[in-house]
Every structure is written in C-alpha cells, then in structure tokens.
Amino acid sequence: MKKLLFLCAATVAVVSSSGCAAKDTNFENTPVEIETQKSDVMQSEAIVVFNKGITLGEAKKIVEGYGIAVVKTYKTLSEQNNQLYLLVKSSATTEELVKTLKNDSAVHSVSPNRKNRLF
C-alpha cells in the first residue's frame with residue numbers, strides 16, 4: 001500500500017513539474033477520437049432496453065417484426081433493473097438499426113454496441 005501511495009504521489013509530482021498539468025484538456029470531437037469511436041462500434045449490433053412491463057416474448061416479437069435477431073438476453077441486469085436488456089443484430093447498418101428501434105414505443109433506450117476497453 002505504501003508503494004502504491006508513493007507511486008501515485010511521484011506521478012503527480014512529475015506531471016505537475018513537467019508543465020503537462022491540464023493546459024488544454026478539451027479533447028472532445030477531435031478527428032482521432034471520432035475515428036476511434038466509430039471503429040469501436042460493433043457493426044449492425046445494438047443494446048436495447050425495453051420499458052418496464054415488456055416481457056421477453058413481447059420484446060422478441062417486436063424486434064423480429066423489424067427483421068432483427070435477438071443475440072443475447074442480459075438476464076441478471078434485466079432482473080436487477082426490472083427492465084429487459086437485449087443485444088440485437090440486424091443486416092441493416094448500425095445507424096438504421098438504432099433509428100428503427102428508437103421510434104418504437106416499447107423501447108426505453110437503444111444504443112450501438114461498443115467495445116469496452118480498460119485502457
């Protein structure tokens with residue numbers, strides 16, 4: 001624990017003394033960041049959260065009605081939040097998939113499926 005505390009303190013001291021401490025940290029919408037975000041999207045996949053009260057059977061009928069397949073049901077997450085969480089896949093583009101599902105009244109939210117990285 002003492003070594004970790006020392007390493008953290010040393011890192012802060014080095015960053016502070018090198019003049020790198022937060023001069024301009026607004027990196028939003030830089031071209032590199034946008035390209036990285038686009039490449040992290042799993043093509044034609046989305047995470048869908050349905051409104052409370054929608055059953056798995058109802059959700060499957062809804063997405064299959066659009067020609068979309070259910071890839072995975074997040075059972076534990078769904079039970080913990082009292083809402084159905086699904087991973088879906090389509091032959092349409094990710095943007096078309098998200099747009100289609102956002103317009104459905106049974107859908108609480110939908111977002112592109114993205115790769116998550118720790119670093």
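Reply: Happy to! Let's begin with Thr 94, which sits in helix H5; helices (H or I, at least four residues) and strands (E, at least two) are DSSP runs, numbered from the N terminus. Bear in mind that this is a predicted model, in which local features need pLDDT of at least 70, side-chain atom pairs count only at pLDDT 80 or more, and totals for chains, interfaces and linings use all residues. Residues are numbered from 1 along each chain as its sequence is written, and side-chain values use heavy atoms, with hydrogens and water left out.

Thr 94 counts as buried because its relative accessibility is 4%, where buried means under 20% relative accessible area, exposed over 50% and partly exposed in between (1.4 Å probe, protein chains only). A polar atom of the Thr 94 side chain lies 2.7 Å from the backbone nitrogen of Ser 44.

Ser 44 is also among the residues that Val 88 touches, as are Val 48, Leu 97 and Leu 101, not counting residues up to four places away in sequence; contact means heavy atoms within 4.5 Å.

Val 88 leads us to the largest nonpolar core, with 16 residues, where Val 48, Phe 50, Val 88, Leu 101 and Val 110 touch the most other members. Such a core is a set of buried Ala, Val, Leu, Ile, Met, Phe, Trp, Tyr and Cys residues joined through side-chain atoms within 4.5 Å. Two or more of its residues come from each of strand E1 (41–50), helix H3 (56–65), strand E3 (85–89), helix H5 (94–102) and strand E4 (107–114).

Overall, the chain has five helices and four strands, in the pattern α-α-β-α-β-α-β-α-β.

Terms used:
Polar contact = N/O pair within 3.5 Å; in protein donor to acceptor, adjacent residues only side chain to side chain.
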